[in-house]
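Hello,

Here is the structure I promised to pass on to you. Please open it alongside this note, and I will walk you through what turned up.

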Amino acid sequence: LRLGSLFVSFLSLLSLGGTVLGDEQVPLTQSSSNDTLLWGPYRPNLYFGVRPRLPNSILAGLAWANADTFDAVSYGLRHTCEQGEDMQGYGWDEYDARTGNKIDLTIDFVKAPGPSGGSWAARVQGKPMKDASKNIVTTLFFHVGLEGLGDLAVDPKTDRKGTVILTGQADKLGDFTIEVTAGKNNKLPHKVHPSWDEKPLDRTLITSLQVPPEHLWAVKNIIIADVKPNIDRYAKEYGTENIPPPWAAFTISDEPRPGNFHIIQKVLVGAFDFDIFYNSGAGPHLTSEDLDKHIAANSKSFKTKFDAVLKPSAPFTKAEYTGFSQSLFSNLLGGVGYFYGDSLVDRSYAPEYDEDDEGFWEQTAEARARAQVQQDPARELFTAVPSRPFFPRGFLWDEGFHLVPIVEWDLDLTLDILSSWFNLMDSDGWIAREQILGAEARSKVPQEFQVQYPHYANPPTLFLIIETLVAKLKSGKLSAAQAAAVREHLTAIYPLLKRQYTWFRRTQFGDVKSYDRDAPSTKEAYRWRGRSVQHILTSGLDDYPRPQPPHPGELHVDLFSWVGLMQRALISTSTLLSETDDTATFTSHHNALLKNLDVLHWSDKDAAYCDASIDDYDESYHVCHKGYISLFPFMTGLVGPTNPNLPAVLDLIADPEHLWSPYGIRSLSKQDPHYGTEENYWRSPIWVPMNYLIIKQLRAVAVSAEGSKEVKVKAAKIYNELRENLVKNVYQQWKETGFAWEQYNPETGKGQRTQHFTGWTSLVVSIMAMERVEVKGGVVVHGEL
Ligand code: 6A9
């Protein structure tokens, strides 16, 4: 057993006041196998929840509470990541004022690969916070459920004062044991009440239940349902004045027996620790000594690897930025989860959803109300998530951004996530924008947002990662094994890439024929479906101002640009895979699209790229709301260093009267009448993913072999400043509030909307890792791509 090299994962969760905070670290080996990626903390909606990437299998997790008062246990039971109203802070740096939980909880998680998916272990440590009594009582519920076929039972060798052992067997996992140790030097409660004679707490309590598999995720309800009769009975027996102390009353029924769900409760006083082991029958077998050794070693290897692949570059070389970057990245990676379940899809294919008629938004609303929504069959998804407490599920266009830093860290993980997403595609080529798989995921989403429509797209950002993979292969810097894995995956998903592209062209086409413009190609024009008067949620830029009133002839420059990006990725992938006929087809599409770009979307009058629409006289006109939409042809790489429109694009970015702010590029121009109005979601705030694309392209122009000296120097200057502004502000806000935010205020820099948004905001990790571009004597002198 070579544990040193076998341990692949380390996850450290640390909490203040009852919830988890800290640095989460998951270095994974580069060896391509399910052995290393089968198990993980893949239930990102829980503070600590472990499952394998298998449907109908084992679900484990931890719930806990301070048990000094009845209120603390009833209101402060921690399990799913939540944000309460009275919290002063939340997440990885939390202080919870309401429940008075005064314990720092640290959970170290390690994995050891093996033939049946390997083993894993977790060390749970609690420490009273500075202002807490040394004798505070914590109650903890470790729970394990089995969803599908197999066994899970309390082992007869279980010692209630020592190690509790569950033995089991499940499909694909084989035989296993789950052990929960007593821990070293833990202080246990002693008798203060006659209830003790019936339920002494100097030992671990166990309750076993048979729970319908579809309810296994609702752990809090299960625990409370088991505890409640106990409290009622005590109240009856002793009277409410004489009820046992909360930590003794809030206890499970304590009946170990056969069942598919087992709760293991510990009531501990002051500081504590104990270990949890999942040991596969096929090995390796882990012990507490193994944990001691490897927690420290993994922490070290994480830092070494981080330095090698994502090290922040000047001017972010101080240790504080490294810590910041590691924390953001760990949160992103620690949010990777495995989801499995059915979903709601409107498969009525109502013709109204094509949005072909004027006034279509009223017709689509009616069609929606009429439609019989179907349950699409259960599917699996392995993905990162935008935010563990708020959106613990997959979002299509968020994921391409999530994978930007992840692909530098772990190629195999990236390939698995990519394949998982592309495998969701239906036979038409559609992937749902928001993946709400199963009852647990649905429980977090208001009903009106649950249904997905197979006519609706979302930006194909996964193609950004396809381009990165092809570039990595071409660079020759991958090991032979990595290169083989990338090639194999690209070959496998290539038909799906084509299918999705064809779906985009078939369903999101724009009607060029109704235009008076002389477009070279009648095909290369695009329009998002799924539009309402105020929103195009499908575009991802929900309330960004668009042509008014909506018109079936309008054309969207952002979608146009995304399709251009898809074509470019397909050209390079088909070339790599020697699909010559395809390469020729994609190239001709792409050339046609590039020719259409200026004809359809460039407005001389506004000196910007714009949406277009049709007026009452059937004339086409540009709809220019300067902002992210105007930058899409640039952000997606369609406007290169020699493009005559580039100087105007750069001017728009750099103009403080339009998009430039000291904190990053705002979504909408200050001059636009819609600036900061109504919901103000995408109408002024600064979004990191869009800034990332801008920064990436600025750098590409600055260091390009083509382009004039002036353009390159200008791009370099904007690049350096924007990169510093954006990173410094996200860092500042993180330091002040303890969180990464969904967006940042363009006037104050303040983080706003969703807190603990560790999805695409974590792109600052990649932005910090990019290098400054040096300019000397009026020329770019440094900054290799
Ligand atoms: C509605 C609320 C408890 C909105 O990051 C995910 C998406 C982006 O893809 C999109 O571009 N966010 C952006 O405009 C968040 C969307 C959340 C919708 C969920 C239900 C229930 O929350």
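How many positive and negative side chains does the protein have, and how far apart do the centres of the two sets lie? There are 77 positive and 98 negative side chains, with 6 Å between the two centres. Lys and Arg count as positive here and Asp and Glu as negative, while His and the chain ends are not counted. Each charge is placed at NZ of Lys, CZ of Arg, CG of Asp or CD of Glu.

Before going further, a word on the source. This is a predicted model, in which local features need pLDDT of at least 70 and side-chain atom pairs count only at pLDDT 80 or more, whereas totals for chains, interfaces and linings use all residues. Residues are numbered from 1 along each chain as its sequence is written, and side-chain values use heavy atoms, with hydrogens and water left out.

**The whole protein**

The protein has 21 helices and 28 strands (DSSP runs numbered from the N terminus: H or I of at least four residues for helices, E of at least two for strands). Its radius of gyration is 28 Å, close to the 28 Å that the globule rule gives for 785 residues, so the protein is as compact as a globular protein of that length. That radius is taken over C-alpha atoms, and the rule is 2.2 Å times the number of residues to the power 0.38. Along the principal axes, the C-alpha atoms fill a box of roughly 90 × 65 × 50 Å.

Of the 785 residues, 62% are buried (under 20% relative accessible area, with exposed meaning over 50% and partly exposed in between, for a 1.4 Å probe and protein chains only).

Strand 3 is joined to strand 4 (residues 49–52) by two antiparallel bridges, and Gly 40 has Arg 51 as its bridge partner.

Strand 13 (residues 261–269) is worth a look. Nine of its nine residues are buried, so this strand is largely enclosed by the rest of the structure. Phe 261, Ile 263, Gln 265, Val 267 and Val 269 point one way, and His 262, Ile 264, Lys 266 and Leu 268 point the other way. Strand 13 pairs antiparallel with strand 8 (residues 137–146) over nine bridges, where Val 144 is partnered by His 262. Strand 13 also pairs antiparallel with strand 12, over five bridges, and Thr 207 stands opposite Ile 263.

**A hairpin and a loop residue**

Strand 21 (residues 611–614) and strand 22 (residues 620–623) run antiparallel, joined by four bridges. They form a hairpin with five residues between them, and Asp 618 in the turn has a positive phi of about 60°.

Finally, Ile 436 lies in the loop between strand 18 (434–435) and helix 12 (438–442). Ile 436 counts as buried, at 3% relative accessibility. Leaving aside residues up to four places away in sequence, the residues that Ile 436 touches include Asp 342, Arg 393 and Phe 449.

Enjoy exploring!

Note on methods. Pairing = 2+ DSSP bridges. Contact = heavy atoms within 4.5 Å.
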